[in-house]
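Have the sequence and the model open side by side for this one.

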Amino acid sequence: MSNQLNGKRIAFLATDGFEQVELTQPWDAIKAAGAQVVLVSPKDGKIQGMNHDEKADQFEVDLNVEKVSAEDFDGLVLPGGVANPDTLRTCETSVSFIRDFFKQHKPVAAICHGPWTLIEAGVVKGRQVTSWPSLKTDLKNAGANWVDEQCVCDEGLVTSRNPDDLPAFCAKAIEEFAEGKHAEQTV
């Protein structure tokens, strides 16, 4: 792959119950593009990946969200899975971490159920997004313009629906991380 992300540091925010391929495939693609990738979680130690409703692998957390700042990173990836974003959206430190990327106009990429955390962070109003179909009403109620498309990019906010969309999601996330800050990427 190219070195488009050389010198960039990208956070992946996750906890137990993340959809494994929605973390590993973007992780590998973003790392191959030259970025330093960092697994951030509100939990220390290892977190549990899932293959749909079956346990998959465990992954070692690099940094606790309590000890990092959005200022430390150039972009953020939010994998899905049902339990992962549902837990993250109840953790104020995680929600603040997400919100701060928007305050700093930095790119954020969320897939599948990942946009649940964006709702809690209050950053979807007026934005065009997609997600797993069951989040459609939640996103619309939060003021987002929900569309059923493989990958949607709105001023540095990249969203996709499910693991089938990962090739487009990864490519667009890398492009947005390479571009850097977007003035319209804000709270």
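**A walk through the model**

Gly 126 counts as exposed because its relative accessibility is 62%; the cut-offs are over 50% for exposed, under 20% for buried and partly exposed in between, with a 1.4 Å probe and protein chains only. You'll find Gly 126 in the loop between helix H4 (115–121) and strand S9 (128–129). Setting aside neighbours within four places in sequence, Gly 126 is in contact with Gly 143, Ala 144 and Asp 154, where contact means heavy atoms within 4.5 Å. Phe 169 sits 43 residues from Gly 126 in sequence, and their C-alpha atoms are 21 Å apart.

A word on the ground rules: this is a predicted model, so local features need pLDDT of at least 70 and side-chain atom pairs count only at pLDDT 80 or more, while totals for chains, interfaces and linings use all residues. Residues are numbered from 1 along each chain as its sequence is written, and side-chain values use heavy atoms, with hydrogens and water left out.

Now zoom out. The protein has 6 helices and 12 strands; these are DSSP runs numbered from the N terminus, with helices (H or I) of at least four residues and strands (E) of at least two. Seven of the strands make up an open sheet with mixed pairing, in the order S6-S3-S1-S7-S8-S12-S11. Strands are said to pair if DSSP finds at least two bridges between them.

Follow the sheet from strand to strand. S1 (residues 9–13) runs parallel to S3 (residues 36–41), with 5 bridges joining them, and Arg 9 has Gln 36 as its bridge partner in S3. S1 is also joined to S7 in parallel, by 3 bridges, and here Ala 11 stands opposite Leu 76. S7 in turn pairs with S8 (residues 108–111) in the parallel sense over 3 bridges, with Leu 78 partnered by Ala 110.

Which residues of strand S7 are buried on its two sides? Gly 75 and Val 77 are buried on one side, and Leu 76 and Leu 78 on the other, so both faces of this strand (residues 75–78) are covered.

There's another open sheet to look at, with 3 strands in the order S2-S4-S5 and mixed pairing. Strand S2 (18–19) and strand S5 (54–60) take the edges, each with a single partner strand, so one side of each has no neighbour in the sheet. S2 pairs with S4 (residues 46–51) in the parallel sense over 2 bridges, and Glu 19 has Met 50 as its bridge partner in S4.

Finally, the whole chain. For 187 residues, a compact globule would have a radius of gyration near 16 Å, and the 14 Å of this protein agrees with that; the radius is taken over C-alpha atoms, and the globule rule is 2.2 Å times the number of residues to the power 0.38. The C-alpha atoms fill a box of roughly 35 × 35 × 30 Å along the principal axes. Of the 187 residues, 53% count as buried. Among contacts with a separation of 6 or more, 68% come from residues 24 or more positions apart.
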